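Visitor: Could you walk me through this model, one question at a time?

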Amino acid sequence: QLRPAESGGGLVQSGGSLRLSCADPGGVVAHYAFAWFRQAPGKEREEVACISINGARTRYSDSAKGRFTITKNNAENTVYLQMNSLQPEDSGVYYCAASNIACEYKMDFWGKGTLVTVSA
């Protein structure tokens with residue numbers, strides 16, 4: 001069973017960058033579609049980005065387009081979310097999730113999240 005684990009969160013100033021990582025040493029990321037979700041305090045969890053099983057297709061929320069990039073490195077067994085030009089509204093807990101079918105399907109496996117805080 002896949003058990004994704006996020007890392008890379010932290011405190012960053014507005015306009016800065018962070019790279020989040022999602023890894024599962026016991027799994028094989030190449031077999032899954034992966035998504036990053038964000039949950040801000042008092043708000044519902046929302047999908048930020050998703051990458052297909054073969055890595056050929058990606059999709060982003062409107063707020064993430066042009067600033068965030070999701071990639072999958074099968075050799076490192078890791079999925080990344082590069083976040084640039086961060087704004088305070090990007091703050092929240094970021095979760096990594098995986099589906100063994102596609103981005104359009106329910107995510108079956110979830111990490112515990114990593115906190116991102118963007119100061120003004």
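Predicted model: local features only at pLDDT ≥ 70, side-chain atom pairs only at ≥ 80, totals over all residues.

Visitor: In the open sheet of four strands, what is the strand order?

Guide: Strands here are DSSP runs of E with at least two residues, numbered from the N terminus. Two strands pair if DSSP finds at least two bridges between them. The pairing in this sheet is antiparallel, and the order is β1-β3-β8-β7.

Visitor: Which strands stand at the edges of that sheet?

Guide: An edge strand here has a single partner strand, so one side of it is left without a neighbour in the sheet. Neighbouring strands of this sheet are turned by 15° against each other on average, direction ignored; the axes behind that angle are lines fitted to C-alpha atoms, and angles run from 0 to 180 degrees between N-to-C directions. The two edge strands are β1 (5-7) and β7.

Visitor: Which residue of β8 is the bridge partner of Cys22?

Guide: β3 and β8 pair in the antiparallel sense over six bridges. For Cys22, the bridge partner in β8 is Val79.

Visitor: How many salt bridges does the count come to?

Guide: Side chains of opposite charge can pair when their charged atoms come close. The rule used here asks for a side-chain nitrogen of Lys or Arg within 4 Å of a carboxyl oxygen of Asp or Glu. By this rule the count is seven.

Visitor: What is the N to O distance between Arg38 and Glu46?

Guide: Arg38 is buried because its relative accessibility is 5%, whereas Glu46, at 33%, is partly exposed. Their side chains meet in a salt bridge, and the N to O distance is 2.8 Å.

Visitor: What is the geometry of the Tyr32 and Phe34 ring pair?

Guide: Rings of Phe, Tyr and Trp (its six-membered ring) pair if their centres lie within 6.5 Å; planes under 30 degrees apart count as stacked, over 60 as edge-to-face and the rest as tilted. The count comes to three aromatic pairs by this rule. Tyr32 and Phe34 have ring centres 6.4 Å apart and planes at 75°, so the pair is edge-to-face.

Visitor: How many residues apart in sequence are the parts tied together by Tyr32 and Phe109?

Guide: Tyr32 and Phe109 form an edge-to-face pair, 5.8 Å centre to centre with 90° between the planes. Tyr32 lies in the loop between β3 (18-23) and β4 (33-39) and Phe109 in strand β10 (residues 109-110), so the parts tied together are apart in sequence by 77 residues.

Visitor: Which residues form one aromatic cluster?

Guide: Tyr32 is buried at 16% relative accessibility, Phe34 is buried at 1%, and Phe109 is buried at 14%. The one cluster is formed by Tyr32, Phe34 and Phe109.

Visitor: How far from the ring centre of Trp110 is the charged end of Arg45?

Guide: A charge sits over a ring if NZ of Lys or CZ of Arg is within 6 Å of the ring centre and within 35 degrees of the ring normal. The charged end of Arg45 sits over the ring of Tyr95, 5.7 Å from its centre. Arg45 also has its charged end over the ring of Trp110, and there the distance from the centre is 3.9 Å.

Visitor: Where does Asn77 lie, and what is its phi near?

Guide: Most residues other than glycine have a negative phi, and most peptide bonds are trans. Asn77 lies in the loop between β7 (68-73) and β8 (78-83), and is buried because its relative accessibility is 15%. Its phi has a positive value, near 55°.

Visitor: What is the phi of Ser85 near?

Guide: Ser85 is in the loop between β8 and β9 (92-99) and, at 38% relative accessibility, counts as partly exposed. Ser85 has a positive phi, near 50°.

How values were computed
Residues numbered from 1 in each chain as written. Heavy atoms only, no water. Buried < 20%, exposed > 50% of the residue type's maximum accessible area, 1.4 Å probe, protein only.
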